[in-house]
Amino acid sequence: MSSSDQPEKVDRGNKEEKDDKEEGGGFLGKVKGFIQDIGEKIDDAIGFGKPTADVTEIHFPCINLDKADIVVDVLIKNPNPVPIPLIDINYLIESDGRKLLSGLIPDAGTIHAHGEETVKIPLTLIYDDIKSTYNDIEPGSIIPYRIKADLIVDVPVLGRLTLPLEKTGEIPVPYKPDVDLDRIKFESFSFEETVALLHVKIENLNDFDLGLNSLDCEIWLSDVSIGCAELGKSATIAKKGISYVDIPITFRPKDFGSALWDMIRGKGTGYTLKGNVHVDTPFGAMKLPISKEGGTTKLKKKKEDGGDDDDEDDEE
């Protein structure tokens, strides 16, 4: 048998090794690596992640004797390439483990792609509801609160996700100040027009300071209105404290007859005072009512008229 008739020997081991090298470092390997690299970049570009949510601020737009309006600002960040809907917001306000308020806000908006939105959660506490449920919560007190909220979003690929939030703080249960018309001091007197100072005692019955910015009221002497008066300057009334303020007023003495003569003779006369005070507090501005019915006041005479014009008995 000639050498040309000998069967050809094939080294299969070397061929497989060669094929592996071509696949790993040759053309096919480069194609495979390119496809994998493109896939990773596409995945990075259109990948979906979990949004985040944080409470940035809690403020009280309105607090009065009836209710407290609360707004919770929540910053939501959306890392995804598409807008995501904020489906529901479940919220709960509690104090010392007791529920004060709960509810659901549906269809709360949409968070833009690769963006962030501040979502405002408006809440309202009705004080009568709280007091009827928890009779140990006293008017004028400050109570702790805990706000819990679950924000439910719908993210493509990931589905519905819940973003939990929690924030603690304090909220007041305000009480109207107590007011008394201590006395009236005439600055100038005539039957047609008299200028007087109303020396008014204001007691703050709350567990927080009141920064008195303005006061407006109407005064009646012996059931006859002598008109409206406004506070001339601001004052601060400490918590559980007392302050005296002078309120100027102009009126016509001849309009209310014998009540004025009783005051001039040193006798007291009945009065009624109703109005509002506008105050600053650690929780924001408040408008609180003031009222006094069935009180008795007297005239403060000047020294030249035989009276004592010193205010030694005042607790300024």
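Strands β6 and β7 form a hairpin with three residues between them, and Val157 in the turn has a positive phi of about 75°. Strands here are DSSP runs of E with at least two residues, numbered from the N terminus, and two strands pair if DSSP finds at least two bridges between them. The model is predicted: local features need pLDDT of at least 70, side-chain atom pairs count only at pLDDT 80 or more, and totals for chains, interfaces and linings use all residues. Residues are numbered from 1 along each chain as its sequence is written, and side-chain values use heavy atoms, with hydrogens and water left out.

**Pairing around β6**
- Strand β7 (residues 159-172) runs antiparallel to β6, joined to it by 14 bridges.
- Ile171 in β7 is the bridge partner of Ile143.
- β6 (residues 142-155) also pairs with β3 (residues 84-95), in the antiparallel sense, over eight bridges.
- Opposite Glu94 stands Arg146 of β6.

**Pairing of β8 and β9**
- Antiparallel strands β8 (residues 178-188) and β9 (residues 194-203) are joined by nine bridges.
- A hairpin of five residues links β8 to β9.
- Leu198 in β9 stands opposite Ile184.

**Cysteines**
- With a disulfide defined as a pair of cysteine sulfur atoms within 2.5 Å, the count comes to zero.
- Cys217 is in no disulfide, and the nearest cysteine sulfur, that of Cys228, is 7.7 Å away.
- Cys228 is likewise in no disulfide.
- Cys217 is buried, with a relative accessible area of 5%, whereas Cys228 is exposed at 61%; buried means under 20% relative accessible area, exposed over 50%, and partly exposed in between (1.4 Å probe, protein chains only).

Note on methods:
Helix = DSSP H or I, 4+ residues; strand = E, 2+ residues; numbered from the N terminus.
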